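Subject: Structure handover

Hello,

Here is the structure I promised to pass on. Please open it first, then read the notes below it.

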Amino acid sequence: MKLSTKYFKADMLAGMVVFLVALPLCLGIAVASGAPPFAGIISGVIGGIAVGYMSNSNVSVSGPAAGLIAIILVAITEMGYQTFLSAVVIAGAIQLALGLAKAGGISSYFPTSVIEGMLVAIGIIIIKKELPHAIGYDLEHEGDFYSYQLIDADKGFFTELIHAFNFAHTGAIIIAGVSIAIIIAFNKVPALKKLKAVPGALVAVLAGILLNELFAATNPTLEIKDEHLVILPIATSFNEFTSQFTAPSLQGFINVKAWTVGVTIAIVASIETLLCLEAGDKMDPMKRFSSANKELTAQGIGNMLSGFLGGIPMTSVIVRTSANLNAGAKTKLAAIAHGVFLLVAVLVIPGLLNKIPMASLAAILIMIGLKLASIKTFKHMWHNGAQQFIPFIVTVIAVVFTDLLKGVGVGLVVSIYFILKGNMKLAYFFRKEKHHTGETIHIELAQEVSFLNKAAIKQTLAHLPENCTVIIDAAHTVYIDYDVLEMIKDFMNFGSKDKNISVVLKEFKEEYKMQEYASNHVTN
């Protein structure tokens, strides 16, 4: 896709905001996965520049994914890092094959209610996970700056937060509060809203740095120490920088366990990517559609590059994508810019970035979380009716209390139930709602009658009153499933006789061969 420069300024500013959000995520996810911190940076840079360029999406941003942490950690522990990198390359090759085989079309089957529920749940999770950072308690969150799970099995729902407040840091709370106030002001104050060249999130980060420097100079008790600041690897020489890159093991490509891990990563990463892609398109204010097949192809090439250079696997990530849209991104230039900023930051200004308080970054993410979990979304889904609201709220609860993939899976099951229920109702139309013995009952079949409608039609025929006449009209029907035809035939020859029901078949196609089964009934 040709890059557009129409929105150059807006995209560059959005890229800067996403860079600030992505930096700690890249480092934290790598550490939590048992990989070198620099491996997360490699993945983030490739996800931004390479995948961003090849992707068809205008708003999606890729990088290391929290949803893969458990898989990566176990794989590295069991196989060693170089063999694990072979698995990453294998996963990328599988994704590339899936994209070329046009397997990305599955994303079109994710219902809106489930996608909306996933976004709201992630918003709730972001807020809960970032509150400890906002109050200066980061010790137990190193490497866990964001994950797809709200409940800590060992601590319960609120215990972790209560525990964190016992170790709150006044300086961090002040910086987080000021950062949130700045972001709100840039969203609400007309004069500040007009300053398109200066995003509120960037101002919030700069204010956090200046405030912490002020605390250090005037009141050291308020100063935020190193462990609560961004921690970026600093190389003192070119050789030290290049030594952070690791090549995959050639033996790993013939290792059965590496192939098993590669297949697992490919499946999980592809599902998360497709979910995020669909969610990003729904959030895009310009309502553009992205090619899921091109996204899988781009992700595959990106993961292969990451594996060859020593990086961890990546997916399209909803947190970065949300931050990107929230910052006003218009095209994929923003995603590419964030990758360039990551690369430049590692090479040029690691020392300055290491002065950024985690509390400021937490403030940015909390505001993103509030936007995702907006009350307006709940109201909108409620007004859409039970068929939309129930799968939506089930998805929210399931994602919050389990994880992303399990929660979406539960939401899909509930959504499919309502889809099937709706299909059953659309299979046919009655002329009357109430029927009595001796009446003539008209059943008009819908345009398409599939096997999904069989149960509903069977139940309707079973409950017809005795001694009535039933007219089954297929005049408007284009397709009737074989199983449904067989069930009607059985009713004509057996079920209808038990209740002395006369069956009239109307406008059935000759190819259905219904006439030979209607010896005691009427066909038109």
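Before the findings, one term: helices here are DSSP runs of H or I with at least four residues, numbered from the N terminus. Please also keep in mind that this is a predicted model.

**Overview**

The protein has 524 residues, and 53% of them are buried. Its secondary structure comes to 21 helices and nine strands. Take the contacts with a separation of 6 or more: residues 24 or more positions apart account for 80% of them.

**Aromatic rings**

A pair of aromatic rings is described by the distance of the centres and the angle of the planes. The structure holds nine such aromatic pairs. One of them joins F38 and F241. Their centres are 5.6 Å apart, with 80 degrees between the planes, and the pair is edge-to-face. F38 belongs to helix 2 (residues 37-54) and F241 to helix 10 (residues 238-242), so this pair ties together parts that are 203 residues apart in sequence.

Another pair is F389 with F392. The ring centres are 5.9 Å apart and the planes sit at 45 degrees, so the pair is tilted. Both residues lie in helix 18 (residues 386-401). They are three residues apart, about one turn of the helix. F389 counts as buried at 16% relative accessibility. F392 is buried as well, with a relative accessible area of 0%.

K332 lies over the face of Y53, at 5.5 Å from the ring centre.

**Around A201**

Look next at A201 in helix 9 (residues 200-218). A201 counts as buried, at 11% relative accessibility. Which residues does A201 touch, leaving out those up to four places away in sequence? They are V17, I183 and I364. A201 and V18 are 183 residues apart along the chain, yet their C-alpha atoms are separated by 9.5 Å.

**Strand 6 and its partners**

Strand 6 covers residues 469-473. It is mostly covered, with four of its five residues buried. Which way does strand 6 pair with strand 4 (residues 440-445), and over how many bridges? The two pair in the parallel sense, over five bridges. In this pairing E444 stands opposite D473 of strand 6.

Strand 6 also pairs with strand 8 (residues 502-506). That pairing is parallel and runs over five bridges. Here D473 stands opposite K506 of strand 8.

**The largest pocket**

Rolling a probe the size of a water molecule over the atoms shows where empty space is left. The largest pocket holds about 1500 Å³ of space. It is lined by 42 residues. Which of them are closest to its centre? They are N187, L325, N326, A327 and K371. Helix 16 (residues 358-372) gives the most to the lining, with six residues.

Best wishes

Key: Residues numbered from 1 in each chain as written. Predicted model: local features only at pLDDT ≥ 70, side-chain atom pairs only at ≥ 80, totals over all residues. Heavy atoms only, no water. Phe/Tyr/Trp six-rings, centres within 6.5 Å; stacked < 30°, edge-to-face > 60°. Buried < 20%, exposed > 50% of the residue type's maximum accessible area, 1.4 Å probe, protein only. Lys NZ or Arg CZ within 6 Å of the ring centre and 35° of its normal. Contact = heavy atoms within 4.5 Å. Pairing = 2+ DSSP bridges. 1 Å grid on protein atoms, 1.4 Å probe; cavity = no way out; pocket = protein on both sides within 12 Å on 5 of 7 lines; lining within 4 Å. Points joined across faces, edges and corners; volume = space filled by probe spheres on them.
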